[in-house]
Amino acid sequence: MPSLSIIFRSKLFLLGLSFLLLALVLSAVSVFYSNPISYSQSGTFGVGEHPVGNSSFEEHVVTNRSLRLSSKNASIMVSWGSNYTSYNLTGNLTLYPGERPTVNVFKGEVNYSYEVKAIEYPYSDLAIPAFIFAIVGTILAWIGLERILRG
């Protein structure tokens, strides 16, 4: 069995370890560097169907959504995903939808406030080269170790 000093003299093995270390750093940056971001929208809905929110913002990892509705006398239906709920709204209503909601107003006017909190991973694309470097590094280290063991 060769000693560690012989193993670490192999340039191919060291190159493979370097690729693995680079892959580890890139993957850590892609996963652990994140920014909390938020989006809010408010206004008044009249009669009709009104999607709430911003579709491009909803692509982030959403951690919290809240929809606050208020009216003196309105008939509405709020839907998200496969959830449809009708309300005769006289006062305030706070909902926590699981997806981007749509408010259908059948009668009256509805004041709304929509807030979304999310997490953005700006360096998530680094995971792809990290995966490639991990594969290449493993192959190079394996080949280098095999050459050392063959003598």
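Which residues of α3 are buried? In this predicted model, they are A130, G137, L140, A141, G144 and I148.

The protein has three helices and six strands. From the N terminus on, the order of elements is α-α-β-β-β-β-β-β-α. Along the principal axes, the C-alpha atoms fill a box of roughly 85 × 25 × 20 Å. Of the 151 residues, 30% are buried.

Strand β5 covers residues 102–107. Strand β2, residues 48–51, pairs with β5 in the antiparallel sense. Four bridges make up this pairing. Within it, G48 has V105 of β5 as its bridge partner. Strand β3 spans residues 61–80 and also runs antiparallel to β5. Here five bridges join the two strands. V78 stands opposite V103 in β5. In a regular strand, side chains alternate between the two faces of the sheet.

The loop between β5 and β6 contains E109. Strand β6 itself takes in residues 110–120. E109 counts as exposed because its relative accessible area is 56%, and the cut-off for exposed is over 50%. The C-alpha atom of E109 is separated by 6.8 Å from that of T44. Along the chain, E109 and T44 are 65 residues apart.

Helix α3 comprises residues 127–150. Its 24 residues reach 34 Å from the first C-alpha to the last. That span is close to the 34 Å expected at 1.5 Å a residue. G151 follows α3 and has a positive phi, near 90 degrees.

The surface of α3 calls for a separate account. I128 is found in this helix. I128 is exposed, since its relative accessible area of 57% lies over the 50% cut-off. I128 also belongs to a nonpolar surface patch, together with F131, I132, I135, V136, I139 and I143. These residues have about 620 Å² of accessible area together. An α-helix has 3.6 residues a turn, so residues three or four places apart point the same way. The buried residues of the helix, by contrast, include A130, L140 and I148.

Terms used:
Residues are numbered from 1 along each chain as its sequence is written. This is a predicted model: local features need pLDDT of at least 70, side-chain atom pairs count only at pLDDT 80 or more; totals for chains, interfaces and linings use all residues. Side-chain values use heavy atoms; hydrogens and water are left out. Patches are made of residues with over 30% relative accessible area and no salt bridge: like charges are joined within 9 Å, nonpolar side chains (Val, Leu, Ile, Met, Phe, Trp, Tyr) within 5 Å. Accessible areas come from the Shrake-Rupley method with a 1.4 Å probe; for residues, only the protein chains shown count as cover. A salt bridge is a side-chain nitrogen of Lys or Arg within 4 Å of a carboxyl oxygen of Asp or Glu. Buried means under 20% relative accessible area, exposed over 50%, partly exposed in between (1.4 Å probe, protein chains only). The expected span of a helix is 1.5 Å times one less than its number of residues. Two strands pair if DSSP finds at least two bridges between them.
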